[in-house]
Amino acid sequence: MADMASHTDEQLHGPAGIRSLTLGDTKLTYVPDGVATMNARLWFPEPTDEDWAQHAEYLDDEGNIVASVGGLLVERDGRALLIDAGMGPLSVGPPQNPYGTASGGALLDSLAMIGRSPVDIEAVALTHLHADHFGWAWHPAPGSDRPVFSDADYLVAEPEWTQRHFAEAQGQADIIKAIVPQVRTVGEGEAIFPGVHVRFAPGHSAGHTAYVISAGGQRVIAFGDAFHNPVQIIHPHWEVTADHDRAQSAALRQSLVRELAEPDTIGFGIHFTDAYFGRVRIEGDRAAWHPINA
């Protein structure tokens with residue numbers, strides 16, 4: 001089993017590289033696509049300058065939060081599932097993205113580096129319908145007009161799909177329309193892959209979804225955008241401007257912190273830069289994220 005360690009400043013705002021975690025007969029690999037840089041004071045409206053002075057390690061030199069963009073590859077018995085599909089070969093900044101900048105494009109190269117091709121992916125399970133999570137699901141393959149994951153089902157939680165008008169209203173109607181032929185909706189608790197189950201986790205979006213992976217006597221909770229940064233493990237009550245339902249999201253985070261601190265439980269934070277696999281430790285009334293050196 002991999003070791004836990006305290007995070008370093010480089011892990012909190014350095015580039016996220018490919019790293020794998022093997023649990024029994026299941027292998028989990030973070031597949032980088034790009035990076036986002038967000039104005040911390042716009043993203044988290046509640047914390048004061050004094051609050052950030054106490055958590056300066058979570059900010060870069062410009063006072064921004066840095067977030068990784070990518071996907072989680074789940075491999076077992078020769079099969080492969082991808083949870084989220086990055087942003088695709090795009091760069092977005094203000095005014096389309098008022099919080100900062102985001103760019104992608106490396107996911108296919110990242111897959112190739114670990115010996116996988118898009119045709120190996122039997123399904124792409126989406127946590128929600130935001131552009132930095134399903135970019136490669138709609139973007140055509142290089143030199144083609146066909147989808148990159150042409151042989152895959154796109155798994156979307158039923159509440160997220162039935163309420164996709166919220167994402168469409170944010171300017172994503174065309175790209176949502178592009179994925180319709182491959183979408184298959186999934187329900188609460190549904191098994192979508194050996195050892196992988198759907199868990200509804202609304203708040204960040206109306207039908208936001210987590211995926212729970214059971215393997216090797218461990219449970220991994222891929223919690224999507226329930227958290228965007230490890231500082232939220234310490235302060236789960238901090239509201240996020242971009243959340244669909246801020247109160248619901250805060251309540252979910254507080255519940256998840258307690259659950260992630262349970263024995264044999266690992267978290268996967270897709271936006272946690274180079275500290276994306278980790279465990280939560282609670283000491284007294286303070287929780288903290290401890291990355292796993294996979």
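**Exercise 1. Helix α9**

What distance should the 15 residues of helix α9 (residues 246–260) span at 1.5 Å a residue, and how far apart are its end C-alpha atoms? Then list the buried residues of α9 and what they pack against.

Solution. The model is a predicted one.
Step 1: the expected span of a helix is 1.5 Å times one less than its number of residues, so for the 15 residues of α9 it comes to 21 Å.
Step 2: buried means under 20% relative accessible area. In α9 the buried residues are S249, A250, L252, R253, L256, V257, E259 and L260.
Step 3: these buried residues pack against the strands β12 (196–200), β14 (218–222), β15, β16 and β17 (286–293), and against helix α8 (231–234).

**Exercise 2. Helix α7**

Compare the end-to-end distance of α7 with that of a straight helix, and find where α7 bends.

Solution. 
Step 1: α7 has 15 residues, and a straight helix would reach 21 Å at 1.5 Å a residue.
Step 2: the end C-alpha atoms of α7 are only 14 Å apart, short of that value.
Step 3: a bend of about 120 degrees is found in α7 at Q172.
Step 4: Q172 is also one of the buried residues of α7, together with A167, I175, I176 and I179. The buried residues of this helix pack against α5, β9 (153–157), α6 (158–162) and β10 (183–186).
Step 5: Q170 also lies in α7. Exposed means over 50% relative accessible area, so Q170, at 54%, counts as exposed. From Q170 to L155 there are 15 residues in sequence and 21 Å in space, C-alpha to C-alpha.

**Exercise 3. The largest pocket**

Describe the volume and the lining of the largest pocket.

Solution. 
Step 1: the volume of the largest pocket is about 780 Å³.
Step 2: its lining has 28 residues, and Q96, N97, H130, A131 and D132 lie nearest the centre.
Step 3: at least two lining residues come from each of β3 (26–39), β4 (64–76), α5 (135–138) and α7 (165–179). The largest share, five residues, belongs to α7.
Step 4: sorted by class, the lining holds 15 nonpolar, ten polar and three charged residues.

**Exercise 4. Backbone geometry in loops**

Where is there a cis peptide bond, and is D84 buried or exposed?

Solution. 
Step 1: P94 and P95 are joined by a cis peptide bond, with omega at about 0 degrees. The loop between β6 (91–92) and β7 (100–103) contains P95.
Step 2: D84 sits in the loop between β5 (79–83) and β6. Its phi is near 70 degrees, a positive value in a residue other than glycine. The relative accessible area of D84 is 1%, so D84 is buried.
Step 3: T273 belongs to the loop between β15 (265–268) and β16 (277–283). With 2% relative accessibility, T273 counts as buried.

**Exercise 5. The surroundings of I18**

Which residues does I18 touch, not counting residues up to four places away in sequence?

Solution. 
Step 1: I18 is in the loop between α1 (9–13) and β2 (19–23).
Step 2: the relative accessible area of I18 is 32%, so I18 is partly exposed.
Step 3: I18 and P32 are 14 residues apart in sequence, and their C-alpha atoms are 6.5 Å apart in space.
Step 4: beyond those sequence neighbours, I18 touches T29, Y30, P32, S110, M113, I114 and Y276.

Notes
Residues are numbered from 1 along each chain as its sequence is written. This is a predicted model: local features need pLDDT of at least 70, side-chain atom pairs count only at pLDDT 80 or more; totals for chains, interfaces and linings use all residues. Side-chain values use heavy atoms; hydrogens and water are left out. On a 1 Å grid over the protein atoms alone, a cavity is a set of points where a 1.4 Å probe fits but cannot get out, and a pocket is an open set with protein on both sides within 12 Å along at least five of seven lines; lining residues have an atom within 4 Å of a point. Grid points are joined across faces, edges and corners, and a volume is the space filled by probe spheres set on the points. Helices (H or I, at least four residues) and strands (E, at least two) are DSSP runs, numbered from the N terminus. Ala, Val, Leu, Ile, Met, Phe, Trp, Tyr, Cys and Pro count as nonpolar, Asp, Glu, Lys and Arg as charged, and the others, Gly among them, as polar. Buried means under 20% relative accessible area, exposed over 50%, partly exposed in between (1.4 Å probe, protein chains only). The bend at a residue is the angle between axes fitted to the seven residues ending there and the seven starting there. Contact means heavy atoms within 4.5 Å.
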